[in-house]
Amino acid sequence: MDFTKAIQAMPGFLGSGGRGEKTIAEAEKKLGISFAPDYRAYLKEIGLACFDGHELTGVTETTRLDVISVTQEQRRQFGGTTASWYVVEDVGLDGILIWQSPDGTVYAAAPDVPPKKIANSLSEYFEKQS
């Protein structure tokens, strides 16, 4: 099952509706990166999602969930290590953030703790969460 179908099947799923290609490309440009294919598909098909205790970033006017706003703020906090990554989720515990690189690799990081690879893709990350 692909990532977007998997999260839509999660308990308590709420999605906001997909984003257009132009909107996604503008977000990538503002961050100076390319989104991984699974995150790009998520933005295109869902846009912003909450489910089963998770709130994923997306392209939205809600600052605390907007991938651009959240990533720019957290890059200032985390420094150069995350310069080509974007925030997928703020876990809401001990400052832990879930980041993704353009190649799809998923990392967990917290202030003063080096990033740790936790999955090869968003699908794998959420499979481990269930």
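This is a predicted model: local features need pLDDT of at least 70, side-chain atom pairs count only at pLDDT 80 or more; totals for chains, interfaces and linings use all residues.
User: Why is Glu28 called buried?

Analyst: Buried means under 20% relative accessible area, exposed means over 50%, and partly exposed lies in between (1.4 Å probe, protein chains only). Glu28 has a relative accessible area of 9%, and therefore it is buried.

User: Which residues of helix 2 are buried, and why are they said to lie on the same side?

Analyst: Helices (H or I, at least four residues) and strands (E, at least two) are DSSP runs, numbered from the N terminus. In helix 2, residues 21-31, the buried residues are Ile24, Ala27, Glu28 and Leu31. They cover an arc of only 100 degrees around the axis, and therefore lie on the same side of helix 2; the arc is that of the directions from the helix axis to the C-beta atoms. On the other side of helix 2, the exposed residues are Lys22, Lys29 and Lys30.

User: What do the buried residues of helix 2 pack against?

Analyst: Their partners are helix 3 (37-45), helix 4 (67-78) and strand 4 (86-90). Contact here means heavy atoms within 4.5 Å.

User: What makes a set of residues a nonpolar core?

Analyst: Such a core is a set of buried Ala, Val, Leu, Ile, Met, Phe, Trp, Tyr and Cys residues joined through side-chain atoms within 4.5 Å. In soluble globular proteins, nonpolar side chains tend to be buried together. The largest nonpolar core in this model has 30 residues, and those with the most contacts inside it are Ile7, Phe35, Tyr39, Tyr42 and Tyr86. Among the elements that each supply at least two residues of this core are helix 1 (3-8), helix 2 and strand 6 (106-110). A second, separate core of 8 residues includes Phe78, Trp85, Leu97 and Ala109.

User: How do you know that Glu21 and Arg40 form a salt bridge?

Analyst: A salt bridge is a side-chain nitrogen of Lys or Arg within 4 Å of a carboxyl oxygen of Asp or Glu. The closest N and O atoms of Glu21 and Arg40 are 2.6 Å apart, so the pair meets the definition. This pair links distant parts of the chain, with Glu21 in helix 2 and Arg40 in helix 3, 19 residues apart.

User: Why do Glu21 and Arg40 count as partly exposed?

Analyst: Glu21 has 39% relative accessibility and therefore counts as partly exposed. Arg40 counts as partly exposed because its relative accessibility is 21%.

User: What makes Glu21, Glu28 and Arg40 a network?

Analyst: These residues are linked in a network of salt bridges. Besides the bridge from Glu21 to Arg40, the side chains of Glu28 and Arg40 meet in a salt bridge at 2.5 Å, N to O. Glu28 lies in helix 2 and Arg40 in helix 3, so this pair ties together parts that are 12 residues apart in sequence.

User: How far apart are Glu73 and Arg76 in helix 4?

Analyst: They are 3 residues apart, and therefore separated by about one helical turn. The closest N and O atoms of their salt bridge are 3.0 Å apart. Arg76 is exposed because its relative accessible area is 62%, whereas Glu73, at 34%, counts as partly exposed.

User: Why is Glu89 called buried, and what does its side chain meet?

Analyst: Glu89, found in strand 4, has a relative accessible area of 3% and is therefore buried. Its side chain makes a polar contact with the side chain of His54 at 2.6 Å. A polar contact is a pair of N or O atoms within 3.5 Å; within protein, one must be able to donate a hydrogen and the other to accept it, and residues adjacent in sequence count only if both atoms are side-chain atoms.

User: How do you know that Asp66 has no salt bridge with Lys30?

Analyst: Lys30 is the nearest side chain of opposite charge, but it is 7.3 Å away; a salt bridge must lie within the limit already stated. For charge, Lys and Arg count as positive and Asp and Glu as negative, while His and the chain ends are not counted.

Note on methods: Residues are numbered from 1 along each chain as its sequence is written. Side-chain values use heavy atoms; hydrogens and water are left out.
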